Amino acid sequence: MCGIIGVTGEQDACALLLAGLELLEYRGYDSAGISATDPARDAETTTLWRVRAAEHAGSIERLRALVADAPQPVGSAIAHTRWATHGPPTVANAHPHLDCTRRLAVVHNGIIENHRELAAGLDERGHERTSATDTEVLVHLVEEQVATGAGLADAVARCLPALRGDFAVALIYAGEPDVIVVARRTSPLIVGVTDTAGIVCSDVSAALATTRNLFALDDDQVAEIRPGTVVVRDLAGRRVEPAPMTVSWSVQRALKGGYADFMSKEMHEQPRAVGDTLLGRVHADGSTEIEELVIGDDDLRKVRRVLFAACGTSYHASLVGRQAVERWARVVADAEVASEMRYREPVFDEETLVVAVSQSGETVDSLHAMREARRRGARVVALTNVVDSVMAREADGVLYTRAGPEIGVASTKSHLAQLAMVEAFALHLGRLGARVAGDELARAAQSLLSLPAAVERALARFDQYEAVGHRFADREDFYFLGRRAGLPVALEGALKLKELAYVRAEAYPAGEMKHGPISLIEPGAVVVVVATRSPMWEKVIANVEEMRARGAVLVAVADEGDEETARMVDAVLEVPHVTEICSPVVNVVPLQCLAYTIARARGNDVDRPRNLAKVVTVE
Ligand code: AGP
C-alpha cells in the first residue's frame, strides 16, 4: 500500500510527480502530498516546501490545484499517495511528514511496528509530533542524527537498525537540496538515473516516463540519489552495486485506451493475457517449456508435495492450481492463505515445493510465507505478473504470467493469467512425472490452448451478463455456490461482488450449504451457482433444487445452449463449454462482469473501491 515517487534534477518536478502519483494511485488513494527543496534559497537556513490533500480519490487533483497556485522551483522532491494504516486519512496524517525544523521530509510505505516506543523517546526528548502516523517518528530520528553533523544518507543509515517492521522510505533535506535518500526493508522501492536526473519510486510504471535505467534495492540498503548518479551502501557503509531491473512494460499499456475505466479495459484484455501466458510454454502435443522456472527437470521430478500460498484472488487461483496438480501430475497438492501459513509452523522438506502466487509480487503476507517456507527447507517458486518484483527476486524459481500492468484494484486479467499459469505448471509437472498417460496430457494441453478463444467468446456475451447484473443490482444478499472446479469460481465471484459493489456475498461449496448456511436462505436471496457441465453437474443441480425450495432467486453460470439448466433457474450467464479443470478461466468471466455492472449501477468507482489498495504491503 502507499505509493512513493521522488525526483531530482528535473526542471518540471511537480508535473512529473503528479503524473507519477496518478500512476501509483492504485496503491492507495486516501490522501496525497509533495515536498521539495528550493535550491535558490540559502541551504543553511531555508525550510522545505510542502502541499498535502486528503480528498479520497480527488487528492491528486487537489494537489494539482495547490501546485498551480504556488509554483515552486525545486531541487529534489518527494511525493506520496496514502492508504491509511495508522491515523485516519486527514491532511495532518498525509505524507510527506516534516521534522521539528521543517528542513527534513519523509514519505513511507509499510509499517514501523515499534513506532509507539520510538515516539515515547522522541516525546521525552522534546520533539513535537504533528500526526498520528507511525511514519513521523523516522523523520525526527533522522533530525537528531543530522543535528550531530551527519549527512542525510549517513543519518538515515544510523536510524534504520532501530526500526522494526517493513518499510520503504524516501527523504529530502533542505541542507542538501539536490539529494534524495531512500532505504527499504521488504517493501518495494526502485531507483533510476538519467544523465541529468534521478528518480525513486514504488514501482516501474511511474518511472518509465523518466528512464528505463532502473535498479532494485535489497533489504537494508541505503541509496543516495543525485542528478545523474546513484550510490548504494549497506548498513556498514560498504558500497554495493544495485541490481539492474528488467523492464518489459510500456507506458501505453498502463493507460485506459478509450475504455470507461481500467477494469473494463483489463477485462477485455483477458483473452490476450491468457494467450500470452501460455505462448511457447504449452504445446498441442502435451509438451511444455517454462524457461524462467530455473529449477531443473530432475529436481522437479523429486517434488512430492506442492503447496500453493497466496491471498485474495491469487488464493482462488491457487485452489485451481491444487486441482490441476493433483489431476495432471498426481502429486500431493494443497493451497493455503499465505497470512495463515506463515504462522502455522508448517512442516516442509526439500521434496516440498511452495508456489507463492501474487499478481504484484509484493504482497507482504505472501512474501513472508515464501521466506518462511524456504527457512523451513522447502524450495520456493514465485508465480507473479511483475518481472523482478520482490518475490521474483527472492524465490528459487519464477513462473511469470504475462498479463501486462493491471491498474484496476480488482484483479481480472491477472487472475485469468494466473489460472492459465498454474495449469501450465501442473501440466509441466505432469509431463515430467509421467504418472498420467501422454494422450490425456495432450488433451489437457489442447484444452488449455483453446482458452483464449473461449474467453473471447464469453466476453462477447457482456450484454447478457450486464442485463442480469442490472436485474439484481438492488439486492443485498448474495450466495455463490460451486463444487470442485466450480468452487474457486464461486469464491472469486463473491469476492469481486464484495470488493466492488459493497454487497454482502457469501461463497460456499454447494454441498456444504445444508450443514448450516442454508438457514440463511430466505425468499428473495440471490444464489449464483456455477453449473456448467462436468461430472459434478447432477450434484450441483440437486443443491440448486434445495435453494429453490427455500425461495431463493437462482442465477446459473451454464454452458451455452444448456436449456435443461436454464429451465431450472431464474437467470442464466452462458459460457462456452471447456473441460472442467480449465473451466474456471472461462466461468469466472461472467461473475467479474456481474460485479462490475452491479458496482457501476450503484455509482461505485470500480477502479478505486473504498478501503482497498491494489498492493497490500502491510500485514
Ligand atoms: C482481488 O481483486 C484483490 N485485488 C486482492 O484480493 C488481491 O488478489 C490480493 O490482495 C493479493 O494480491 P497479489 O496477487 O498482488 O498478491
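For sorting residues, Ala, Val, Leu, Ile, Met, Phe, Trp, Tyr, Cys and Pro count as nonpolar, Asp, Glu, Lys and Arg as charged, and the others, Gly among them, as polar. This is a predicted model, where local features need pLDDT of at least 70, side-chain atom pairs need pLDDT 80 or more, and totals for chains, interfaces and linings use all residues. Residues are numbered from 1 along each chain as its sequence is written, and side-chain values use heavy atoms, leaving out hydrogens and water.

View 1. A cavity here is a set of points, on a 1 Å grid over the protein atoms alone, where a 1.4 Å probe fits but cannot get out; lining residues have an atom within 4 Å of a point. Grid points are joined across faces, edges and corners, and a volume is the space filled by probe spheres set on the points. By type, the lining of the largest cavity splits into 12 nonpolar, five polar and seven charged.

**View 2. The second largest cavity, about 130 Å³.** Its 17 lining residues include R483, G486, V530, T532 and S534, which lie nearest the centre. Helices α19 (537-548) and α21 (583-601) each supply two or more of the lining residues. The tally for this lining is seven nonpolar, six polar and four charged.

**View 3. Cysteines without a disulfide.** With a disulfide taken as a pair of cysteine sulfur atoms within 2.5 Å, the structure has zero. For C593, the nearest cysteine sulfur is that of C582, 20 Å away. C593 is buried at 0% relative accessibility, while C311 is partly exposed at 22% (buried is under 20% relative accessible area, exposed over 50%, partly exposed in between, with a 1.4 Å probe and protein chains only).

**View 4. T46 in its loop.** This threonine is found between β2 (31-36) and β3 (49-53). T46 counts as buried, at 11% relative accessibility. Leaving aside residues up to four places away in sequence, T46 touches R41, R103 and A174, contact meaning heavy atoms within 4.5 Å.

Methods: 1 Å grid on protein atoms, 1.4 Å probe; cavity = no way out; pocket = protein on both sides within 12 Å on 5 of 7 lines; lining within 4 Å. Helix = DSSP H or I, 4+ residues; strand = E, 2+ residues; numbered from the N terminus.
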